[in-house]
Amino acid sequence: MWLRKVLTSYWFICIYVHSAKEQQRVDLTSRAISMANPTSFSLVIFLLFVIGCTARPIYPLPSQDDYRIRQPLQTFRPYNIAHRGANGVIPEETRPAYLKAIEDGADFIETDILSSKDGVLICFHDVTLDNTTDIAKYKKFENRKRTYEVEGVNRTGFFTVDFTIEELKSLRVNQRYSFRDKQYNGKFGIITFEEFISIALDADRVVGIYPEIKNPVFINQHVKWPNGKRFEDIFVKTLQKYGYKGSYLSKDWLKQPVFIQSFAPTSLVYISNQTDLPKVFLIDDVTVSTQDTNQSYWEITSDKYLNYIKNYVVGIGPWKDTIVPVAKNYLEEPSDLVARAHAHNLQVHPYTYRNENQFLHFNFSQDPYKEYDYWINKIGVDGLFTDFTGSLHNFQEWTSSDTKTESNILHKIALLVSPYNN
């Protein structure tokens, strides 16, 4: 009879215990009960009853539990890289855009890193605030408009480097494209690099980050840090502060995955002396020149250069039209860039995949899934920067090797649509 009571109480606790770690603690409690004397045994029975009757289990809150086991990063298929977050749905590089991307299945959340006037690293794409914020409505900032040379071209606008972080935080972000949903315009603010990192680290599974050292030549010209530090120094120091370390696929890296990207090869070479974190060299149209070495990307994509840069990076991130040329909105014959990069043991992560007809070449019949299929299964890329994380995730889920049978496919579809059935 007494054993039945113990087992009943034990069962009552177990139904509230959700993690394997807590189950182990309950098992230890059960063993302790079997060894206790009668007096202690009665007290334990009472305590078990009290615990069993409480409304919530007694275990550390997730934010206080250093031993959480999170779903690891997938490494068996091309990476789903949320380009500026889920910015096809929510204004780019805002907290909600990144949260939405994680919810939609991103492997990595991508951001561009610039700086405020007072040296705080921020998540923002353009060196000017004009296109994606409400800066124009603030009369107090009217006199901040400037003209600077950026990558060899004079540009006029409100530059991030002329505003303190407090002033930048007062602005609100708008959707970049007029044909996208405007309902979130003016609702969300600019976030810092550190806030971006916290979004990834607070996720309920392992989510990688993919920050870009953006316009380093311009930033180093206009922002000065103490002790002669450079933009790149502050960037790497921030990653190290939050525990990012390790080479590609190392134990440390898999715990907190990151790719560092830049269009500036000298920045990538410079930080190679500071961190072994994997780096990706971004490649623009072959007619464009690099901002720091003034080399054309035609030269950059040569075997000679790939052989040089592979000592510093694990991959390249080309504009997709650099890989497969386009004429009159039709794809031409693919180049051999992907094959040559793979021959140098370099990954290839092209940009940018977007669902709208404005960005889909005629070959894909206005179907983004056809585009994903082409790039993943014919071209053989290793990761994709997309504005629509959810659509890429759905495509990969529906076409992955473990969903070959009809029953499994139907089950997968049911899971994907179930959140919309409530």
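Is Asp-134 buried or exposed? In this predicted model, Asp-134 has a relative accessible area of 11%. Because buried means under 20%, Asp-134 counts as buried. Its salt-bridge partner is Lys-137, with the closest N and O atoms 3.5 Å apart. Lys-137, by contrast, is exposed, at 60% relative accessibility.

Side chains of opposite charge can pair when their charged atoms come close. The count of salt bridges in this model comes to 19, and two further pairs show how such contacts link separate parts of the chain.

One of them joins Arg-176 and Asp-126, whose closest N and O atoms are 3.0 Å apart. These residues are 50 positions apart and belong to distant parts of the chain. Arg-176 sits in the loop between α5 (165-169) and α6 (193-201), while Asp-126 sits in the loop between β3 (121-123) and β4 (146-150). Arg-176 is partly exposed, with a relative accessible area of 22%, whereas Asp-126 is buried at 8%.

The other pair is Arg-180 with Asp-387, a salt bridge of 2.9 Å from N to O.

Note on methods. Residues numbered from 1 in each chain as written. Predicted model: local features only at pLDDT ≥ 70, side-chain atom pairs only at ≥ 80, totals over all residues. Heavy atoms only, no water. Salt bridge = Lys/Arg side-chain N within 4 Å of Asp/Glu carboxyl O. Helix = DSSP H or I, 4+ residues; strand = E, 2+ residues; numbered from the N terminus. Buried < 20%, exposed > 50% of the residue type's maximum accessible area, 1.4 Å probe, protein only.
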